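User: I have a structure open and I'm new to this. Can you walk me through it?

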Amino acid sequence: MADHQEATVTLPSAPASVSTARRYVAEVLADWGLPGGTDTSETVRLIVSELATNAVQHTRGQSPTFTVDVRLDRDQHLRIGVTDSHPRFPRRLPAAVQQDNGRGMVIIRCLTAEHGGRLFCTPTSDGGKTVWISLPWTVPVSAER
């Protein structure tokens with residue numbers, strides 16, 4: 001078995017790319033043994049959707065693309081990161097009851113914690129950032145990769 005597996009896709013910062021990112025991650029995880037339609041796979045799809053949406057909406061045209069990294073380390077930890085070139089890190093903002101947006105990071109943080117993981121951000125060498133989630137990988141390792 002490989003100690004590390006990785007898949008990456010770079011997409012334009014456009015609303016249509018959110019569904020592409022979601023599909024891409026679902027296909028990668030299925031290839032790695034996590035079938036679609038499970039609680040974990042649907043949670044990951046929602047998290048990726050929120051991360052990609054943030055990369056598209058909150059970069060204000062300063063990031064023409066965003067990159068989705070999917071990593072599986074030692075068949076124990078799944079990490080998914082969304083990188084853009086905007087310098088500002090996400091902030092947790094108070095969301096008023098009547099607001100239709102502003103809850104993405106809260107949703108991501110809660111879903112990640114519910115599945116035993118964590119959310120964190122790292123700077124990139126070009127002044128942008130990557131927003132990561134890390135989750136325990138609970139899928140039995142398949143012989144074929």
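User: What does the protein chain average for pLDDT?
Analyst: The average is 86, and 85% of the residues score at least 70. pLDDT is the predictor's confidence in each residue, from 0 to 100. This is a predicted model, so local features need pLDDT of at least 70, side-chain atom pairs count only at pLDDT 80 or more, and totals for chains, interfaces and linings use all residues. Residues are numbered from 1 along each chain as its sequence is written, and side-chain values use heavy atoms, with hydrogens and water left out.

User: Where is confidence lowest and highest?
Analyst: It is lowest in helix 3 (residues 104–114), with a mean of 88. Helix 1 (residues 16–31) is highest, at 96.

User: Why care about low values?
Analyst: Where pLDDT is low, predicted coordinates should not be read in detail.

User: How many helices and strands are in the protein chain?
Analyst: Three helices and five strands. Both are DSSP runs numbered from the N terminus: helices are H or I with at least four residues, strands are E with at least two.

User: What pattern do they follow along the sequence?
Analyst: The pattern reads β-α-α-β-β-α-β-β.

User: What share of the residues is buried?
Analyst: Buried residues make up 41% of the 145 in the protein chain. Buried means under 20% relative accessible area, exposed means over 50%, and partly exposed is in between (1.4 Å probe, protein chains only).

User: And what share of the contacts links residues 24 or more positions apart?
Analyst: They account for 65% of the contacts with a separation of 6 or more. A contact means heavy atoms within 4.5 Å.

User: Let's zoom in. Where does Thr10 lie?
Analyst: Thr10 is in strand 1 (residues 4–12). Its relative accessibility is 47%, so Thr10 counts as partly exposed.

User: What does Thr10 contact?
Analyst: Leaving aside neighbours within four places in sequence, Thr10 is in contact with Thr65, Phe66 and Thr67.

User: How far is Thr10 from Val68?
Analyst: Their C-alpha atoms are separated by 6.4 Å, though the two residues are 58 residues apart along the chain.

User: Switching to Ser49. Buried or exposed?
Analyst: Ser49 counts as buried because its relative accessibility is 13%. Ser49 lies in helix 2 (residues 39–57).

User: Which residues does Ser49 contact?
Analyst: Val18 and Arg22, leaving aside neighbours within four places in sequence. With Arg22, the side chain of Ser49 makes a polar contact of 3.0 Å.

User: Where is Arg79 found?
Analyst: Arg79 sits in strand 3 (residues 77–84). With a relative accessible area of 21%, Arg79 is partly exposed.

User: What does Arg79 touch?
Analyst: Not counting residues up to four places away in sequence, the list includes Asp69, Asp73 and Trp132. The side chains of Arg79 and Asp73 make a polar contact (3.2 Å).

User: How accessible are Cys110 and Cys121?
Analyst: Cys110 is partly exposed, at 42% relative accessibility. Cys121 is partly exposed too, at 27%.

How values were computed: A polar contact is a pair of N or O atoms within 3.5 Å; within protein, one must be able to donate a hydrogen and the other to accept it, and residues adjacent in sequence count only if both atoms are side-chain atoms.
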